[in-house]
Every structure is written in structure tokens, then in C-alpha cells.
Amino acid sequence: ARFNERRQVLLKTNIAMVFGADYLGSFFAGLTYSVWLLPTLGTVLTPVFSGAINLSIAAVLAVLFRDEIAPRRFALSGALALLVLIFIGTQGERLVFDVDQRLYEAPVVHAEQSAHQRIHITELKGISCMHLNGATQFCSHDERRYHELLVHPAFWVNPDAKRVLIL
């Protein structure tokens, strides 16, 4: 017999409860991820932590519903998931560094995760570039073009100005 039939639970009530819990869980997980986990743990350990929570929940559910699932299959899947989490937790930073180096034409000389974005500084032949979340923001060889556009409105407002400070 099917799961809902054996437990005499109305399917529509069960689905509504699952969707409600899913939406509420997604809301709190999104807030926790962006406000606390990512700034605290970084881009590598945050998914490892989240995966560990999911794996723990799966283990609790496996114990509660041990008569409903194949224990050997679950144990194999759980062990594989745990190995992947351990691998990412121990080797993730090196993997991210390797991917970062391949992402840009110039070597990455600095990389960090701020509270809001991934920041990379690359340098090649004396030209430095800043990238935010993989998108080039500016490079030292063409920075004057960017700043030149910022000073024209100031000179237009005050034609007698000799210098402009851009902050």
C-alpha cells in the first residue's frame, strides 16, 4: 500500500503541509545563508555546512522511516554524500583557487569574499584589473576613460573649475 494510504492521511493536507514547511524553510535558509553563513564561513564552507545539515536531517528521517526505505541503499548514498562533503571541506579552497586562475586571462593576485560579492584582482604586464563576481569592473590601463566621464558633469556645472575630486 502507498505511504499516505497506510497512514490514513489526506493527500491534499499532506501536500499543503509539505509546501508550507518548504516555503518557510526556504525563507529562513535564504536569510541565514546571506546574512550569517556566507559572510562567516565563506563560499566553500557554507555549502559544506548546508550539506551537513541536510545529511543530518536525512539520517534522522532514515531512522524514523527505517521500515520504508532500503537501509543498504541509504547507507551507501549517505556515505557517498559524507565523502563528498569531506572532500569539498578539505580541498574546496584549493579547487576554488584553481578555478579562479582559469577564469581570467591574467593571474589572480588577490581573491576574497566580501559580505556581498566575490572580489578578484588580476595583474599581467603591469596592468591590474578588478573583477566583482566574475565581471570586470575596471582595469588600470583604461581607468582614465571611466573617470573622465565622471568629471565632465562637474566641469559643466562650474566651467571655472580647474580640478575635480572624485570619491
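**Pocket entry**

I began with the largest pocket and noted its lining: Gly-25, Phe-28, Ala-29, Thr-32, Tyr-33, Leu-37, Phe-49, Ser-50, Ile-53, Asn-54 and Ile-57. I kept in mind that this is a predicted model. Next I looked up the space inside the largest pocket, and it comes to about 260 Å³.

**Disulfide entry**

How many disulfides does the structure hold? I found one. Cys-129 and Cys-139 are the partners, with 2.0 Å from S to S. Which parts of the chain does this pair tie together? I placed Cys-129 in strand 3 (residues 127–132) and Cys-139 in strand 4 (residues 135–139), so the link joins parts that are ten residues apart in sequence. As a reminder to myself, a disulfide is a covalent bond between the sulfur atoms of two cysteines.

I also checked the handedness: the link of Cys-129 and Cys-139 is right-handed, with 110° about the S-S bond. Buried or exposed, I asked of Cys-129 and Cys-139? Both cysteines are buried.

**Salt-bridge entry**

Opposite charges were my last stop, since side chains of opposite charge can pair when their charged atoms come close. My search of the whole structure turned up two salt bridges.

I took the pair of Arg-94 and Asp-98, where the closest N and O atoms are 3.7 Å apart. Where do these two residues lie? Both are in helix 3 (residues 71–103), four residues apart, which is about one turn of the helix. Arg-94 has a relative accessible area of 47%, so I put Arg-94 down as partly exposed. Asp-98 is at 26% relative accessibility, and I therefore noted Asp-98 as partly exposed too.

I then turned to Arg-118 and Asp-100, whose side chains meet in a salt bridge at 3.2 Å, N to O. This pair links distant parts of the chain, with Arg-118 in strand 2 (residues 118–124) and Asp-100 in helix 3, 18 residues apart. Why do I list Arg-118 as buried? Its relative accessible area is 17%, and buried means under 20%. Asp-100 also counts as buried, because its relative accessibility is 8%.

Technical notes. Residues are numbered from 1 along each chain as its sequence is written. This is a predicted model: local features need pLDDT of at least 70, side-chain atom pairs count only at pLDDT 80 or more; totals for chains, interfaces and linings use all residues. Side-chain values use heavy atoms; hydrogens and water are left out. On a 1 Å grid over the protein atoms alone, a cavity is a set of points where a 1.4 Å probe fits but cannot get out, and a pocket is an open set with protein on both sides within 12 Å along at least five of seven lines; lining residues have an atom within 4 Å of a point. Grid points are joined across faces, edges and corners, and a volume is the space filled by probe spheres set on the points. A disulfide is a pair of cysteine sulfur atoms within 2.5 Å. Buried means under 20% relative accessible area, exposed over 50%, partly exposed in between (1.4 Å probe, protein chains only). A salt bridge is a side-chain nitrogen of Lys or Arg within 4 Å of a carboxyl oxygen of Asp or Glu.
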